[in-house]
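Here are some friendly notes to read alongside the model. Have the viewer open as you go through the points.

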Amino acid sequence: MNPFITSGYVAPEYFCDREKETKEIIKKLSNGNNIALISPRRMGKTGLIQHCYHQPLFQKKYYTFFIDIYATTSLKEFVFKLGKEIFETLKPRGKKFTEAFFYAISSLRTAFKIDAITGQPVFDIGLGEIVRPEFTLEEIFEYLEQADKPCIVAIDEFQQIAKYPETNIEAVLRTHVQHCKNTHFIFAGSQRHLMQNIFLSSSRPFYQSVALLTLDVIDEEIYVSFVAKYFKQAKKKISEDTIRMVYHLFEGHTWYIQCVFNEIYALMDSIAHFSGDMVLLLIEQIVVSYEQMFLGLLSFLTEKQKETLIAIAKEGEAKGITSGAFVKKHGLTSPSSVQTAVKQLLDKEIITSDNNVFKVYDRFFGLWLKKTYGAGFQLHINS
């Protein structure tokens with residue numbers, strides 16, 4: 001199979017490095033700690049969690065659950081995702097587990113459907129049937145606490161709870177979490193400032209309740225060796241310089257690198273050797289393939305938001321964006337209009353900020369904006 005995975009988790013041999021982080025997560029969780037894992041989106045935190053779940057200790061001695069709450073907008077949806085994940089994960093273990101869950105979650109008992117063939121309950125519940133989400137959540141936590149093995153629950157994009165309409169959601173979750181003895185948690189998130197506010201602000205319920213881990217890029221030498229190994233095994237020729245070029249083009253950002261090498265690996269069934277120029281052409285083709293999606297994103301932005309976004313994309317790494325020089329250089333209206341637009345773009349997660357340096361969140365989107373509104377398709381290598 002193509003060893004450069006771009007979606008989900010397949011097997012340990014296709015997972016690059018993260019040995020130190022894997023050991024740290026296993027150590028923290030197996031010693032009774034909860035973890036907040038912070039990294040930019042598409043840096044590999046979901047894969048890392050699944051990789052930890054596939055380690056022998058967790059495979060044998062724990063029940064492991066994973067939910068992504070990025071698309072949720074309320075506690076009701078959160079409860080639905082969590083309940084469904086627990087039910088579907090335990091369902092293959094047999095009738096004993098599904099019936100135990102069915103009887104433990106009494107608030108949803110009338111909403112459970114019965115499979116006409118097997119006679120077993122199935123999790124086919126409408127959101128409207130979760131009438132008292134706080135009570136159902138309590139039942140779910142009680143069920144996990146009564147499990148015959150320790151449980152680990154990973155909640156991806158955890159910062160989303162800060163956007164729920166329920167004003168007390170953090171306090172409710174914190175109360176349940178702190179009383180858990182049999183269940184431990186990984187709170188993973190991609191918006192650094194929101195995650196830090198949740199876990200590092202003394203006024204918030206989750207203050208100092210977790211071990212904080214930050215996921216950075218994979219070391220260049222390790223990544224180069226990983227890529228070279230699989231091309232060599234398949235008798236496909238690619239130079240180390242070309243591998244390094246791709247790594248630097250995307251500054252070690254895992255998903256984009258994997259995406260490019262996935263395409264190269266597939267194309268080399270018919271192409272004997274891939275040069276650096278061919279890689280750049282391929283990246284341009286990948287970027288253009290997303291054009292309709294990018295046009296759709298732009299259609300939801302105001303004119304000033306678009307102007308500010310394009311200015312940031314042209315810079316690559318934009319600094320001093322409210323300065324007169326930046327405003328003049330890119331023909332923007334005023335520093336105050338830029339400030340307003342930047343806040344809105346950050347809220348929409350279209351751009352990201354680190355130490356007042358602004359970038360387009362999606363690297364392919366940034367390249368497309370440069371190509372469409374700049375001086376053609378240009379790639380700059382940060383070596």
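Which helix gives the most to the lining of the second largest pocket? Point 2 has the reply.

1. This is a predicted model, where local features need pLDDT of at least 70, side-chain atom pairs count only at pLDDT 80 or more, and totals for chains, interfaces and linings use all residues. Residues are numbered from 1 along each chain as its sequence is written, and side-chain values use heavy atoms, leaving out hydrogens and water.

2. H2 does, with four residues. The second largest pocket holds about 640 Å³ of space. Its lining has 29 residues, and Gly8, Gly44, Thr46, Gly47 and Trp255 are the closest to its centre. Here a pocket is an open set of points on a 1 Å grid over the protein atoms alone, where a 1.4 Å probe fits, with protein on both sides within 12 Å along at least five of seven lines; lining residues have an atom within 4 Å of a point. Helices (H or I, at least four residues) and strands (E, at least two) are DSSP runs, numbered from the N terminus.

3. E10 and E11 run antiparallel, joined by four bridges (strands pair if DSSP finds at least two bridges between them). Ser353 stands opposite Phe358 in E11.

How values were computed
Points joined across faces, edges and corners; volume = space filled by probe spheres on them.
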